[in-house]
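Me: I would like to go through some of the labels attached to this model and ask what each of them rests on.

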Amino acid sequence: MATLPNGIKHLPGYLDRAAQKHLVDTIRQIVVEAPLYVPAMPGTGKPMSVRMTNCGPLGWVTDKTRGYRYQSTHPVTGKAWPEMPQELLDLWGKLADHVNPPEACLVNFYSDDAKMGLHQDKDENAFDAPVLSISLGNTCLFRVGGFDRKAPTGSFKLSSGDIVLLGGEGRLAFHGVDRIYPDTSTLLKNGGRINLTLRRVNP
């Protein structure tokens with residue numbers, strides 16, 4: 001386990017190929033119940049370049065009028081989010097070092113031309129709990145900064161099966177995805193990258 005600036009931890013290759021494939025199959029079942037949709041930026045309504053869904057008691061959503069928030073239902077179907085799979089709860093139990101379970105797992109699907117600008121995960125009320133991030137599929141370039149958007153940043157590659165923890169000092173560090181590297185993994189038949197982020201929302 002490498003400890004990076006601001007307390008962010010990177011666990012390269014934590015999930016082997018079999019575990020990755022099993023997770024992808026599990027996520028496919030979640031997407032059947034809670035379809036991927038294109039979220040919109042607050043205020044502008046500009047569509048994000050990723051498609052997303054959630055599982056667990058709560059899900060992170062965003063739209064033009066109501067902005068960033070957590071809610072218990074899918075914004076398109078109106079149905080409750082699917083239950084969080086036990087394998088994700090088990091990973092949290094092994095790695096998160098937190099007494100309470102995660103309440104939300106955000107599922108982001110990146111096509112090979114998608115990216116994610118620098119941002120903080122700060123819509124939760126439980127900053128003592130880490131954010132646990134799982135990479136599946138094509139490699140990405142992950143950028144990490146400080147606690148101000150203008151602070152210096154650094155970047156490193158995340159490959160399929162890697163896990164990142166944003167906890168402790170690094171819980172509110174700015175981070176984002178600069179680019180996806182096409183054809184760097186054969187896990188997803190049609191390319192792209194899936195990112196799962198487990199979050200504790202309430203104290």
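This is a predicted model: local features need pLDDT of at least 70, side-chain atom pairs count only at pLDDT 80 or more; totals for chains, interfaces and linings use all residues.

Me: Why is D97 called exposed?

Reply: The relative accessibility of D97 is 76%, and since exposed means over 50%, D97 counts as exposed. This residue lies in the loop between α2 (86-95) and β6 (104-110), and its phi is near 55°, a positive value in a residue other than glycine.

Me: How do you know that D183 counts as exposed, and where is D183 found?

Reply: The reasoning sets 74% relative accessibility against the cut-off of over 50%, and therefore D183 counts as exposed. D183 is found in the loop that runs between β12 (175-180) and β13 (193-199), and although D183 is not a glycine, its phi is positive, at about 60°.

Me: What makes β9 and β10 a pair of strands?

Reply: Two strands pair if at least two bridges are found between them, and five bridges join β9 (residues 140-144) to β10, so these strands pair, and they run antiparallel. Within this pairing, R143 stands opposite S155 in β10.

Me: Why are β7 and β10 called edge strands?

Reply: The open sheet has four strands in the order β7-β12-β9-β10, with antiparallel pairing. The strands β7 (116-119) and β10 (154-158) each pair on one side only, and these are the edge strands. Neighbouring strands of this sheet are turned by 25° against each other on average, direction ignored.

Key
Residues are numbered from 1 along each chain as its sequence is written. Side-chain values use heavy atoms; hydrogens and water are left out. Helices (H or I, at least four residues) and strands (E, at least two) are DSSP runs, numbered from the N terminus. Axes are lines fitted to C-alpha atoms, for helices over the stretch in contact, and angles run from 0 to 180 degrees between N-to-C directions. Buried means under 20% relative accessible area, exposed over 50%, partly exposed in between (1.4 Å probe, protein chains only).
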